[in-house]
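Q: Could you take me through the salt bridges in this one, slowly? I'd like to see which residues pair up and where they sit.

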Amino acid sequence: MLSKRIIAIAQGRALLPRNRAGAVALSRGWSVASTSARVAQFHSSKLLQAETIKVPQMAESISEGTLKTWHKQPGDPVEADEEVATIETDKIDVSVNAPSAGTITELLAGEEDTVAVGQDLFRFEPGEAGAAAAPKEGVPETKEPKPEKEAEAKIEPKEQPVEKAPPPPPPPAREGGEAKKEIKEAPKAAPPSKPKEAAKEIEVAPPRVAGARTETHVKMSRMRLRIAERLKESQNAAASLTTFNEIDMSSLIDFRKKYKEEVLKTQGVKLGFMSPFAKACCLALKEIPGANASIEGDSIVYRDYVDLSVAVATPKGLVTPVVRNADSMNFVEIEKEIAALGRKARDGKLTLEDMAGGTFTISNGGVFGSLYGTPIINVPQAAVLGMHTIKERAVVVNGQIVIRPIMVVALTYDHRLLDGREAVTFLGTYTTLHHPGSPPFCACFADGARCVCSENPRLP
């Protein structure tokens, strides 16, 4: 608060002091006044610049989501385009970023709240990151050292009598008294030990009682709810049927051993089994176009391209990003695209465009050790191919029993679109492409989309 004399001088109703002491006091008063004015000016200017950030547009079909995580708290500085919050929808996770550098001032929603597009989400003061906190901290800096010194001065007299004991030995009663004081003062000297002990007590789980029957209720995420809805919709809408076949993987394993080091060195990507399986699917779909079709109303839509959906398991659930125009890609291009989509899926960076569409799906349960399975159709698609683990088995080849690596593949198809003959023909064509008697792959795979090798004219 300014003194009445300073206010009167400022208004011209009092004279300036002539002695030195009065002038010094007056100058101190003016410095305090100027500091207060600067702080008030700073606060008013920043309040005028404050912005309210709203929930962004997520997609045409998405109008709301669940606020899953706040990555920043009030008072935290942020850089331009830095992630502030994550909103979970039934399809993807949407990141809400800061429009520019500045400071978060207020959060307008809590975690696990349902937020709608256009709703106020948080308040934000633009400016250089951390600049807003600097002037506020600068004002009390002149006052903070004094309380610290005073606190030290107050604490030191209590500690000095304990450290500097008097030379004559104290009487037994006093020793007991001092011992009691020391015991009482010990907890005060180390207060941080209490939170640590409390944290340890919280972390320690109670021992499980034999025969105990406990239950834990966890709310389903939006993505999990959407997956459940889609899978049930598939079972209700499609007339699903599954057919199986076996593939001798000998030639494909030899092919991969022969070229995987060269491909990794020259192309920078690992040559796996997904690219030849995807390419074989594209060839079989050309021969059986009904497996690449879908039903729209009372019409059947046939497509002359293949957008291949690849099932990817993520911590939040199963997603199916799409490899566009897979039929025009070679092995290396397919491997690179699948690897890129897999990374985006695991990092939660998939967009709606990455998962929209898809004409046929491949699901590789073999990576988890599945031996057999009946995959569920990804509606409105007509079919899905399930790959499984490779097991060495005794099989008969040319009248002799030999050990061969065998994979069981399953094709689940919509009987409304495909009859049994077409489905079995599709799987037979697909299986033939991997047969050891007619190697389907050659060294041309890395050079272009079409193989011109006379050894295998069927493979594009």
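A: Let's start with glutamate 64, which is partly exposed at 37% relative accessible area (buried is under 20%, exposed is over 50%, and partly exposed lies in between, using a 1.4 Å probe and protein chains only). Keep in mind that this is a predicted model, where local features need pLDDT of at least 70, side-chain atom pairs count only at pLDDT 80 or more, and totals for chains, interfaces and linings use all residues. Residues are numbered from 1 along each chain as its sequence is written, and side-chain values use heavy atoms, with hydrogens and water left out.

Glutamate 64 has a salt bridge with arginine 222, and their closest N and O atoms are 3.5 Å apart. The term means a side-chain nitrogen of Lys or Arg within 4 Å of a carboxyl oxygen of Asp or Glu. This pair ties together distant parts of the chain, 158 residues apart: glutamate 64 is in strand β2 and arginine 222 is in helix α7. Helices (H or I, at least four residues) and strands (E, at least two) are DSSP runs, numbered from the N terminus.

Next up, arginine 393 pairs with glutamate 246, with 2.7 Å between the closest N and O atoms.

Aspartate 307 is buried at 10%, whereas arginine 324 is partly exposed at 32%. The structure holds twelve salt bridges, these pairs among them.
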